[in-house]
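Colleague: I'd like to learn how to read the features of a model like this one. Could you walk me through it?

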Amino acid sequence: MRGLMKKLIIIPILAVLVSCGGGGTTSPELQTLQSLSTPPVSGSSPIYGTKVIDGYVEGANVFVDFNYNLTQDEGEPSGTFNADTNEYEFLESEFSAVNNFTTNCGLNRPRVAEVPVGAWDSTRGYVNDAYSMMYFPHDNGTGKANVTPFTTILVTAINQLLPSGISVADGCGTSANDVAESIKQDVNNFLYNLEQNFNINRYYFYDDFIASG
């Protein structure tokens with residue numbers, strides 16, 4: 001882990017080089033980074049199981065960001081924490097504010113975890129300083145997601161693509177879908193270049209590093 005962290009420290013500096021210096025290279029499909037899972041379609045079944053990991057964090061505010069402003073707006077519900085799985089879960093019926101909502105649309109949107117003072121971290125105890133972490137979808141994403149410091153680093157690769165002016169209601173519309181595809185491609189290229197040029201395994205960015213040890 002110490003060697004990995006040394007590599008990750010240089011990522012913000014390298015981000016411009018690897019994300020802008022790809023020369024139009026199309027990278028191969030990402031490996032399956034998480035266990036395959038089919039998102040439930042029932043309005044009463046939990047969807048988008050999301051772990052917030054520093055240790056496992058309970059007490060965070062987790063939401064799916066449909067308009068890419070990395071801020072929770074009206075119509076973007078908060079997930080409910082499941083202590084049995086350490087996951088924040090949502091119900092399909094909670095996304096009624098989004099026109100033409102589908103579970104696949106939500107899979108292709110960022111997830112944001114706002115960790116307040118007083119939240120419980122399973123390895124560090126109570127949180128003393130508030131912070132936020134983010135998850136950005138990748139080609140082989142599933143209903144599950146791990147929001148970690150590693151996935152948060154990826155904002156460096158897509159920051160210039162974050163749009164303005166998309167409403168939550170239009171979060172599954174044509175413009176939002178175009179942004180989603182552009183962001184996924186940039187994340188894909190970013191991870192591919194890191195892997196090829198700096199030997200940083202892309203799996204680290206999406207792993208539940210507590211469960212995997």
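**Reading the features together**

Modeller: Happy to, and let's begin with sulfur: the structure, which is a predicted model, holds one disulfide.

Colleague: How should I read a disulfide, and which cysteines form this one?

Modeller: A disulfide is a covalent bond between the sulfur atoms of two cysteines. Here the partners are Cys105 and Cys172, with their sulfur atoms 2.0 Å apart. The torsion about the S-S bond of Cys105 and Cys172 is about -100°, so the disulfide is left-handed.

Colleague: Where do Cys105 and Cys172 sit in the chain?

Modeller: The pair links distant parts of the chain, 67 residues apart. Cys105 belongs to helix 3 (residues 103-107), while Cys172 lies in the loop between helix 5 (155-158) and helix 6 (174-198).

Colleague: Are Cys105 and Cys172 buried or exposed?

Modeller: Both Cys105 and Cys172 are buried.

Colleague: Let's turn to the rings. How many aromatic pairs does the structure hold?

Modeller: There are 10 aromatic pairs in the structure. A pair of aromatic rings is described by the distance of the centres and the angle of the planes. Take Tyr48 and Phe90: their centres are 6.3 Å apart and the planes stand at 65°, an edge-to-face pair. This pair also links distant parts of the chain, since Tyr48 is in strand 1 (residues 46-52) and Phe90 in strand 5 (residues 87-91), 42 residues apart.

Colleague: And why does Tyr48 count as buried?

Modeller: Tyr48 counts as buried because its relative accessibility is 2%, and the cut-off for buried is under 20%. Phe90, with a relative accessible area of 1%, is buried as well.

Colleague: Could you show me another ring pair? Why is the pair of Phe150 and Phe209 tilted?

Modeller: The planes of Phe150 and Phe209 are at 55°, so the pair is tilted, with the ring centres 5.6 Å apart. Phe150 in helix 4 (residues 149-153) and Phe209 in helix 7 (residues 209-212) are 59 residues apart, so to speak a link between distant parts of the chain. Phe150 and Phe209 are both buried.

Colleague: Which residues do ring pairs link into a cluster?

Modeller: Tyr48, Phe66, Phe90, Phe95 and Phe101 are linked into a cluster by ring pairs.

Colleague: On to the backbone. Which residues have a positive phi although they are not glycines?

Modeller: Tyr68 has a positive phi of about 65° and is not a glycine. Tyr68 is in the loop between strand 3 (61-64) and strand 4 (80-82), and is buried, with a relative accessible area of 2%. Asn100, also not a glycine, has a positive phi of about 55°. Asn100 is in the loop between strand 5 and helix 3, but is exposed, with a relative accessible area of 69%.

Colleague: Finally, how do I read a sheet? In what order do the three strands stand?

Modeller: Follow the neighbours: the three strands form an open sheet in the order 3-6-9, with antiparallel pairing. Strand 3 and strand 9 (131-135) each have a single partner strand and stand at the edges, so one side of each is left without a neighbour in the sheet. From one strand to the next, the twist averages 15°.

Colleague: How many bridges join strand 6 and strand 9?

Modeller: Strand 6 (residues 111-115) and strand 9 pair over five bridges, in the antiparallel sense.

Note on methods
Residues are numbered from 1 along each chain as its sequence is written. This is a predicted model: local features need pLDDT of at least 70, side-chain atom pairs count only at pLDDT 80 or more; totals for chains, interfaces and linings use all residues. Side-chain values use heavy atoms; hydrogens and water are left out. Rings of Phe, Tyr and Trp (its six-membered ring) pair if their centres lie within 6.5 Å; planes under 30 degrees apart count as stacked, over 60 as edge-to-face and the rest as tilted. Helices (H or I, at least four residues) and strands (E, at least two) are DSSP runs, numbered from the N terminus. Buried means under 20% relative accessible area, exposed over 50%, partly exposed in between (1.4 Å probe, protein chains only). A disulfide is a pair of cysteine sulfur atoms within 2.5 Å. Two strands pair if DSSP finds at least two bridges between them. Axes are lines fitted to C-alpha atoms, for helices over the stretch in contact, and angles run from 0 to 180 degrees between N-to-C directions.
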